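Hi,

Here is the structure I promised to pass on.

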Amino acid sequence: SDVKSWDDMKLLTVAINRLHKWALPGLLCIGDAAHAMSPMGGVGVNLAVQDAVATANLLAAKLQRGAPTESELDAVQARREFPVKMTQRMQVIGQDNIVAMALKPGGQPLKAPLPLRIVTAVPWLQGITARFLGLGVRPEHVHSPVAGG
């Protein structure tokens, strides 16, 4: 259906948070269940997939033998929490600086922050930025013997 008025619009609630503890006996939360990401940078799905790969690497063999212990489940959080915290921090910085400027009243033209202008002007910085957005702080690769990696 068509949008006929502002009443047809819904606001997106943006949350950046994470669970204090990702696992309990018999339960492991990863991805959005463990940490809500801002849509800024479009990296939430990357982190979720990386969480899943780390989980497979750490737990696949253990799952074949039975239920992992709580400490084995906690190993996933120990591996993935730092990249999540770093990415969330970058999102908060982006929101505080870029989005806040866009919402500032006054009608003045937007000017990119100096760090963004530098990244745009220097080709090798563009590559580093793209790599960070695409792969994240701690890229994960399948290496579980159960997965054949």
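Three helices, α2, α3 (114-121) and α4 (123-135), each supply at least two residues of the lining of the largest pocket. Please keep in mind that this is a predicted model. Of the helices, α2 gives the most to that lining, with seven residues.

The largest pocket has a volume of about 610 Å³, and 19 residues line it. If you want to find its centre on screen, look for Met90, Gly94, Ile98, Leu116 and Thr129, which lie nearest to it. Which classes of residue make up the lining of the largest pocket? The count is 13 nonpolar and six polar, with no charged residues.

The other thing I looked at is Gln77, which also has its place in helix α2 (residues 70-103). Is Gln77 buried or exposed? Its relative accessible area is 9%, which is under the 20% cut-off, so Gln77 counts as buried.

The side chain of Gln77 has two polar partners in the backbone. A polar atom of this side chain lies 3.0 Å from the backbone oxygen of His20, and the Gln77 side chain also reaches the backbone nitrogen of Trp22, at 2.9 Å. Setting aside neighbours within four places in sequence, Gln77 is in contact with Leu19, His20, Lys21 and Trp22. To see this for yourself, show the side chain of Gln77 together with the backbone of His20 and Trp22.

Best wishes

Notes: Residues numbered from 1 in each chain as written. Predicted model: local features only at pLDDT ≥ 70, side-chain atom pairs only at ≥ 80, totals over all residues. Heavy atoms only, no water. Helix = DSSP H or I, 4+ residues; strand = E, 2+ residues; numbered from the N terminus. Buried < 20%, exposed > 50% of the residue type's maximum accessible area, 1.4 Å probe, protein only. Polar contact = N/O pair within 3.5 Å; in protein donor to acceptor, adjacent residues only side chain to side chain. Contact = heavy atoms within 4.5 Å. 1 Å grid on protein atoms, 1.4 Å probe; cavity = no way out; pocket = protein on both sides within 12 Å on 5 of 7 lines; lining within 4 Å. Points joined across faces, edges and corners; volume = space filled by probe spheres on them. Nonpolar A, V, L, I, M, F, W, Y, C, P; charged D, E, K, R; others polar.
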